[in-house]
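Please read them with the model open.

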Amino acid sequence: DCLATLARLSRLRGYCKPIVLDASVSAGLHATDARHPMAEAFSGTDYVPNNVRLGLANATVYHQAPAERSHEQFERCMVLTGPNMGGKSSYIRMTALIAIMVQTGSFAPASSVTLSPFDGLFCRMGASDAIGKGMSTLMMELAETSKIMEKATERSLIILDELGRGTATHDGTAIASATLGHMIRSVGGTILFVTHFPALA
C-alpha cells in the first residue's frame, strides 16, 4: 500500500526520478526546484520551490550545465538565519524529507535530484523539557546534541535548529558556535544549522 501510494503521488504531483550515486561519492543531496511534500499539498500553487546544494564533493552533478558547476556546489554545511516565519525550518524539513523519500526508493518532489546516500539522519528541533527528570529546555537541547555528536559520521545528514536558545544570548552564541565548529572539524557530515545568532552567520 505504501509503495503504491508513493507511485500514485509521484505521477499526480510531478515528482522526478532521482539519480542515486554509490557510496564512493561523498554523501550529499542536490535538488532543483525542491518542494516540501506536505506544505505543497496544503498551499497548492502558492508554494515557492527551493534549490538544495549540499555535499557530493567528488561527483559530477548530472542535472547542472557545465557552466553552473562551481565550488559552491560542494558545500557540506549551510547556516540559515533570518526572521521568524521566514521558512528556515520548512527548508530543512524539506531537505530531510527528500533524502528519506529517495532512500526509500520513492520519486522526489523536485524537478531534479541527485543523492549519495546518508548513513543516518540526526535532527535536533523544537523546544521541550522533562522537568520531572530534572531536565530543563536547555539541558534537553544539550543532551540531544551530545548524542548527535557521539553517533553522527561523515556520511550523516545533521539538522540543528536554533541550538542555544534556552539560555542567555552570549551563552547561546558560545554553545552554538562551539557545536558547529566541532561538527565541521571533527564529525564531518552534511550539516544544516538554523540560528538567530548573527555572529554564527
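1. Aspartate 33 is found in strand S2, residues 28-34. Strands (E, at least two residues) and helices (H or I, at least four) are DSSP runs, numbered from the N terminus. This is a predicted model, in which local features need pLDDT of at least 70, side-chain atom pairs count only at pLDDT 80 or more, and totals for chains, interfaces and linings use all residues. Residues are numbered from 1 along each chain as its sequence is written, and side-chain values use heavy atoms, with hydrogens and water left out.

2. Aspartate 33 is not a glycine, yet its phi is positive, about 55°. Most residues other than glycine have a negative phi. Aspartate 33 is partly exposed, at a relative accessible area of 35% (buried is under 20%, exposed over 50%, partly exposed in between; 1.4 Å probe, protein chains only).

3. Methionine 85 also has a positive phi, about 65°, without being a glycine. Methionine 85 sits in the loop between strand S4 (77-80) and helix H3 (88-103). Methionine 85 counts as exposed, at 87% relative accessibility.

4. Which residues line the largest pocket? They are Tyr47, Val48, Asn50, Gly86, Gly87, Lys88, Ser90 and Tyr91. A pocket is an open set of points on a 1 Å grid over the protein atoms alone, where a 1.4 Å probe fits, with protein on both sides within 12 Å along at least five of seven lines; lining residues have an atom within 4 Å of a point. H3 gives the most to this lining, with three residues.
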